[in-house]
Amino acid sequence: GHFGFSPNIEYSFVDYFLKYLLILSNLVFTVLSLMALVLGTWGLVSKQSFAREKIGSIGTDPMLVFLTAGSVLTLLCLSGCVGALRENRTLLKLFSAALLLLITAQVLTAIVAYGLQDQVVGYLRSGMLAAMVRYQDDLDLRFITDEIQSNLQCCGADNYRDWELNIYYNCSAPGVLACGVPATCCVDPLENGTVWNSQCGLGAQLLDEFSAQSVIFLGGCLGGISRWIEQHEGLIGTVAIVVVGVQILTLFITSRLLESIRWHNVYT
């Protein structure tokens, strides 16, 4: 049965509204998911991550997150969109089940992350140190590390001496970077406010903390991330509640639509 053609039972205005709301919202999210998918694919291809010698490091590539999330969400949103458009109960049931799974996973992740805060910090430290080790080899990891260091005004994971782990910044390295830190660690990388001085972190690891503090940020980024989270707790909580709330609302709309289609098919 299709909308409005039954002599016995008509779809209400609310059902019409919910149907098209579901189609529209899923269409928007399908486009966003496809953009993430394209970004992830482009990121991996442009860096030749699929080259044989790089396959080993592909698992830690941040672009893989975009690729995976984009693929899963595109399929999910398309099933919801087509299901609502064609009034296909199988697709809508599939969409509901996947959405319920997604909501459960998000809530569980939040609970686990809250309960295991120390382990989460440990994972963050490992991730940050791994990114620092591969700083020159991976453009994405370099970009993320630089953004964190310059925005949070920090250097390294626990402190600036963590850059010793990088083969180029290690004090025993042969190059000019030996015993240095990246320019994004510098307190004032724009000398005289005009020219970016990429050399400003050279030899910073040789300085004692008193001398170093006028040149680079001494504090590590893990402390900076913790402080940022504490300062924005309210906002993070609100965004999380809104995101999960929208998903729960979508689940209710889908259930209502499934019920309407079932009743319509029974009576027509």
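The expected span of a helix is 1.5 Å times one less than its number of residues. Helices (H or I, at least four residues) and strands (E, at least two) are DSSP runs, numbered from the N terminus. This is a predicted model, in which local features need pLDDT of at least 70, side-chain atom pairs count only at pLDDT 80 or more, and totals for chains, interfaces and linings use all residues. Residues are numbered from 1 along each chain as its sequence is written, and side-chain values use heavy atoms, with hydrogens and water left out.

**Exercise 1.** What should helix 3 span, and how far apart are its end C-alpha atoms?

Solution. Helix 3 covers residues 89-115, which is 27 residues.

**Exercise 2.** Which residues of helix 3 are buried, and what does serine 96 touch?

Solution. Buried means under 20% relative accessible area, exposed over 50%, and partly exposed in between (1.4 Å probe, protein chains only). In helix 3 the buried residues are Leu92, Phe95, Ser96, Leu99 and Ile103. Serine 96 has 12% relative accessibility and therefore counts as buried. Leaving aside residues up to four places away in sequence, serine 96 touches Leu251, Thr254 and Leu258; contact means heavy atoms within 4.5 Å.

**Exercise 3.** Classify the aromatic pairs that involve tyrosine 135.

Solution. Rings of Phe, Tyr and Trp (its six-membered ring) pair if their centres lie within 6.5 Å; planes under 30 degrees apart count as stacked, over 60 as edge-to-face and the rest as tilted. The structure holds 3 aromatic pairs. Tyrosine 135 and tryptophan 163 are 5.0 Å apart centre to centre with 75 degrees between the planes, an edge-to-face pair. Tyrosine 135 is in the loop between helix 4 (117-133) and helix 5 (139-152), and tryptophan 163 in the loop between helix 5 and strand 1 (190-191), so this pair ties together parts 28 residues apart in sequence. Both tyrosine 135 and tryptophan 163 are buried. For tyrosine 135 and tyrosine 169, the centres are 6.4 Å apart and the planes at 55 degrees, so the pair is tilted. Tyr135, Trp163 and Tyr169 form one aromatic cluster.

**Exercise 4.** Where should the coordinates be read with care?

Solution. pLDDT is the predictor's confidence in each residue, from 0 to 100. The chain averages 84, and 88% of the residues score at least 70. Over residues 1-8 the pLDDT is below 50. Where pLDDT is low, the predicted coordinates should not be read in detail.
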